[in-house]
Amino acid sequence: MTEDSTPAVSIDNITKVFPLPLRKGKGLLAVDKVSIQMTPGEIYGLIGPNGSGKSTTMKILLGLVTPTEGHSRIFGKDSRKVESKHEVGFLPENPYFYKHLTGAETLHFYGKLCGLKRKQIRERTEELLDLVELQNARDRRLGGYSKGMLQRIGLAQALIHRPKLLVLDEPTAGVDPVGSRQIRDLILRLSEKGITVFLCSHLLEQVQEICHRVGIIFRGKLVREGTLAELISVEDQTEIILRDASPELLEKIQTLVDSENTETVRVGKPRTTLERLFLDHAASDRQNKE
Amino acid sequence: MDAQTLPNNPHRKFSPGRIWALATSTLTQLVRMKVFYFLLIFIALLFVAGFLFISLSFEQELKLLKDIAFGAMSLFSIIFAIVGTAILIPRDVEDRTLYTILSKPVPRLEYLIGKLFGVLLLVAISLIAMDLIFSAILYLRQNVILTEQIALLESEGNATPENIADVTNLVNAQGVNWDLQAAVFSIFLKAAVLASFSMLLSTFATSTMFTIVVGFAIFFIGHGQSLARDYFLGGIEVEAIQKLITVTLVVLFPDLQLFNLVDGVVSGESVPVSLLLKITGIATLYLVIYNLAAYLVFSEKEL
C-alpha cells in the first residue's frame with residue numbers, strides 16, 4: 001500500500017467486552033464489531049448517546065484499552081504499538097492537565113514526551129500559543145484557567161508534535177458558545193492543512209457543521225455511517241432560498257408549483273440559530289468596545 | 001508541514017529524556033504542593049534538641065541531637081516516599097492526565113520509572129537539605145562544646161596537650177563525620193524501597209488511602225519481619241520449603257531492618273564500605289523486582 005492510499009484510521013471489526021467482577025464468563029459488551037475507515041484530511045464525527053461506546057472506541061484506537069477482538073491501525077501502524085503515537089494527538093473529554101504547570105510549561109512537558117528537541121519545543125510552543133490564542137496566559141498556572149482555556153491548551157498539547165491525526169473527545173464540552181466557535185474554527189483550519197480529525201460528540205449540531213462523514217453508534221454497534229449529504233438529505237424534497245423576493249414572484253412560483261401537481265410542504269422565512277444570534281451579538285459588542 | 005511529523009526525531013524504544021521529563025514534572029508537582037515547609041519543623045526540632053538540653057553531658061547531648069535528627073529524617077522521607085507515590089498514579093487516572101501522557105509515544109514502563117524517579121528526587125533533595133542543616137547545627141554545637149571543655153580544663157589547671165587532645169577526640173567522635181552521611185544514605189535507600197512498593201500497590205489499588213495504609217503497614221512489618229523469621233525458622237535445619245517461605249516473605253515484605261545503620265552510627269560505630277555496597281545492592285534488587293511487578297500489572301491495566 002502506498003503512503004497516499006493508506007487510510008489515516010483503520011478500525012477493523014473491533015469488539016470490547018469488559019469483564020464483570022464476580023461474574024465469571026459474563027461481561028459488559030461496550031463495542032460490538034465496529035469498523036471505521038478514515039481517509040487523510042477527513043473530519044469524521046462519531047455520535048451516540050452516553051455509554052454507547054464512543055470513548056471506548058477512541059481509547060482502543062489510542063492503545064489505552066485492548067480490544068477483545070479485532071484490530072486498529074493509524075496510518076498503517078498497529079495502534080497498540082508506541083511508535084504509532086507519533087502520528088496522533090489526543091484531547092480527552094474535560095481534560096485536567098497538571099495544574100501546577102503554566103501553559104508554556106505544559107507544552108514544554110508534552111514536547112519532551114514526544115522526543116522533540118529543545119529548539120523545536122520552543123518554536124512549537126510559540127506557534128501553538130498563538131494558534132489557540134493563549135499567549136497572554138502562557139505564564140499562568142493551569143489551575144487558574146477557565147474551561148475554554150483548558151480545552152484550547154489541551155488542543156495545543158495534542159498538536160505539539162505535528163500529528164497527522166487528531167482525536168478529540170467532546171472537544172467543546174462545557175465551553176461557552178464563543179469558545180466553542182473558536183475550537184470549531186480551529187478544527188476546520190487544521191483539516192484544511194491536511195490533518196485528519198476524529199471527533200466524538202453528542203452535540204449533533206456541531207458535528208453536522210464541521211464533519212465530512214459521520215458514524216452513529218448505539219449500544220456499541222455502528223448503526224449508520226456516511227457523508228452528511230447521505231445521512232441527512234430528505235431525498236424527495238427540494239429547498240430554494242431566495243433573498244428579497246417580491247410577493248408577486250412568490251405567487252407566480254406557487255402557481256407554477258400547483259400546476260405541476262407538486263405538494264408545497266412549507267413556505268416561510270429561514271430561521272437563524274440561537275447560537276448564531278448569540279455569536280453575532282458578541283461580535284458586535286466587541287466591535288463597539290473597540 | 002502541519003500534517004507532517006517533525007523531522008529528525010526517530011522513535012526510541014527507551015528514552016532517558018522522556019523519563020527525565022516525567023521525573024522533573026513529578027518533582028515540580030510535589031514541590032509546588034509546598035512540601036518543603038517541613039524543613040521549618042525540622043530546624044525547630046534541631047534547635048530544641050541542640051540548645052535546650054544543655055544540662056546533659058556532652059556525649060548525651062550530641063547523641064540526643066543525632067537521634068532526633070535521624071528520627072525526623074526517617075519520618076519525613078518515609079512520609080514523602082509512601083504518600084508521594086500513592087497519590088501520583090490515581091490522580092493522573094482521575095484527572096485523565098494519564099490519557100494525554102500515554103497517548104504520546106511514552107511506554108508504560110517509562111511512565112512508572114519517571115514517576116518513581118520524581119518521588120526519589122524529592123526524597124533525595126529533602127534528605128540533602130536536612131543533612132546540611134543537621135550537619136551545620138551539629139558542627140556548631142560540637143565546636144561550642146569543645147571550647148567549653150577546654151575552658152573547663154584550663155579552669156581546673158589540667159589543660160595539658162594530652163588532656164586537650166583526649167577531649168578533642170572524644171567530642172569529635174560524637175560530631176560530624178562520614179559515617180553520619182552513610183546513615184543518611186541508608187535512610188534514602190529504605191525510603192526508595194518503600195516508594196517502589198507503594199508504586200506497585202498504586203497500580204492495582206482502588207484508592208489512595210488503601211495504598212497509604214498498606215504502605216505504612218509494610219513499613220512496620222518490614223522492621224519486624226527479620227525478628228519473626230528468626231523466631232519461626234531460626235535454630236532449626238533449613239529445608240528447601242523453609243527457604244522458599246523465607247524468600248517469599250523477604251520479597252513480599254521488604255526486610256527494612258537491613259537498612260538500619262542509624263542506631264549503630266549514633267552510638268559511634270563506623271560503617272564499612274562493603275556494608276554500604278551490600279545494602280545498595282539489596283535496595284536496587286528490591287527496586288527492580290517491585291518495578292517489574294508494577295509494570296506487569298500496569299501494562300495490562302485498562303484505562
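Two residues are taken to be in contact if their C-beta atoms, placed from the backbone, lie within 7 Å. The model is predicted, with local features needing pLDDT of at least 70, side-chain atom pairs counting only at pLDDT 80 or more, and totals for chains, interfaces and linings using all residues. Residues are numbered from 1 along each chain as its sequence is written, while chains are lettered from A and ligands numbered from 1 in the order in which they are written.

**View 1. The interface between chain A and chain B.** On this interface, 32 residues of chain A are in contact with 30 residues of chain B. Helices (H or I, at least four residues) and strands (E, at least two) are DSSP runs, numbered from the N terminus; β6 (88-91) and α2 (103-113) of chain A each supply at least two residues of the side of chain A that touches chain B. The most is given by α2(A), with four residues. Sorted by class, this side of chain A has 17 nonpolar, seven polar and eight charged residues, where Ala, Val, Leu, Ile, Met, Phe, Trp, Tyr, Cys and Pro count as nonpolar, Asp, Glu, Lys and Arg as charged, and the others, Gly among them, as polar.

**View 2. The six-stranded sheet of chain A.** Six strands of chain A form an open sheet with mixed pairing, in the order β6-β7-β8-β3-β9-β10; two strands pair if DSSP finds at least two bridges between them. The edge strands, each pairing on one side only, are β6 and β10 (221-227) of chain A. Neighbouring strands of this sheet are turned by 15° against each other on average, direction ignored, with axes being lines fitted to C-alpha atoms, for helices over the stretch in contact, and angles running from 0 to 180 degrees between N-to-C directions.

**View 3. Strands β6 and β7 of chain A.** Strand β6(A) runs parallel to β7 (residues 165-169) of chain A, and four bridges join the two. Within β7(A), L168(A) is the bridge partner of L91(A).

**View 4. Helices α1 and α5 of chain A against the sheet.** Helix α1 (residues 54-61) of chain A lies across β3 (43-47), β7, β8 (196-201) and β9 (213-218) of chain A, and runs at about 150° to β7(A). Helix α5 (residues 177-192) of chain A packs on the sheet, where it touches β3, β7 and β8 of chain A, and its direction makes about 150° with that of β8(A).

**View 5. The helices of chain B.** Chain B has 11 helices and zero strands, and its C-alpha atoms fill a box of roughly 85 × 60 × 35 Å, taken along the principal axes.
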